[in-house]
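Trainee: I have the sequence and the model open. Can we go through the strands together?

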Amino acid sequence: MGMHIRRQQNRSSDRRLQPASMLGFSMVEMVIVIALVLVVSGIAVVNTQGALRDSRVAGAYENSLTQLRMARQRAIEERKRYIVTFGTPAPTGAATPLGAPTTKSIQLFRWDNGNPSPAPVQVGTIDLPVDVAFAALPGVPTSSSKVPDGFGSGITAIDFDQGVGAGAGNLVMFMPDGSSHDLAGNFNNGVLYIARTGDLSSSRAITVFGNSGRVRGWRLLQPGGVATWQVQ
């Protein structure tokens, strides 16, 4: 019995004599591990924030594209006129039960047939994210051969009614035959730019052809540092 007690005491003494590094993590090792965890977490947060910013721009672009294509399809199917506005103002005399347009809104109006013709009625509205705007940022191509489909000068963010008066119209009206007009009945060609504030690489564009109502989406790429529009 006495020998057993002595062996237990010897083992306890052996543990006390072991260096700290053999008993667990040292303080230096703990600090290194914590620092590595913080660095990895920081990188993950930065990457996530960048992905969220990109998704907001992509979402605003897709919403704009979808509203135009949906308006054209509904005009054809319902044999009515559908109007999509970007920013302000709303069509003259239009009812806006969902709220007046803002500089960041995409609004859809239905214009029923009748004699006399009734006022257009707002049937949908979407707002751009806070850090996204209708904007043609400095650095986008401005020559007629390099702007999307040759529409505009790359300076005006919302630039419909190309070749009609001063241009720079903010709306597109689709007719039952699928064509795009302005409210005066002119064929309505034009381009719309969307970007995150101060971020040239985030730029998107959408073009509309008046006689066919065709809608095309574009993304700005910078191969070799040269800003170039590519159809999506």
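Trainee: Which glycine in the turn of the S10 and S11 hairpin has a positive phi?

Mentor: This is a predicted model. S10 and S11 form a hairpin with 6 residues between them. In that turn, the residue with a positive phi, about 65 degrees, is glycine 224.

Trainee: What is the bridge partner of arginine 219 in S11?

Mentor: S10 covers residues 215–221 and S11 covers residues 228–231. The two strands pair in the antiparallel sense over 4 bridges. Across from arginine 219, the partner in S11 is glutamine 230.

Trainee: Which residue stands opposite alanine 195 in S8?

Mentor: Look at strand S4, residues 132–134. S4 pairs with S8 in the antiparallel sense over 3 bridges. The residue opposite alanine 195 is alanine 133.

Trainee: And which residue stands opposite valine 191 in S8?

Mentor: Strand S5, residues 158–160, also pairs with S8, antiparallel over 3 bridges. Opposite valine 191 stands aspartate 159.

Trainee: Which glycine takes a positive phi in the hairpin of S8 and S9?

Mentor: S8 and S9 pair in the antiparallel sense over 6 bridges. Leucine 192 has isoleucine 206 as its bridge partner in S9. The hairpin has 2 residues between the strands, and the positive phi, near 75 degrees, belongs to glycine 198.

Technical notes
Residues numbered from 1 in each chain as written. Predicted model: local features only at pLDDT ≥ 70, side-chain atom pairs only at ≥ 80, totals over all residues. Heavy atoms only, no water. Pairing = 2+ DSSP bridges.
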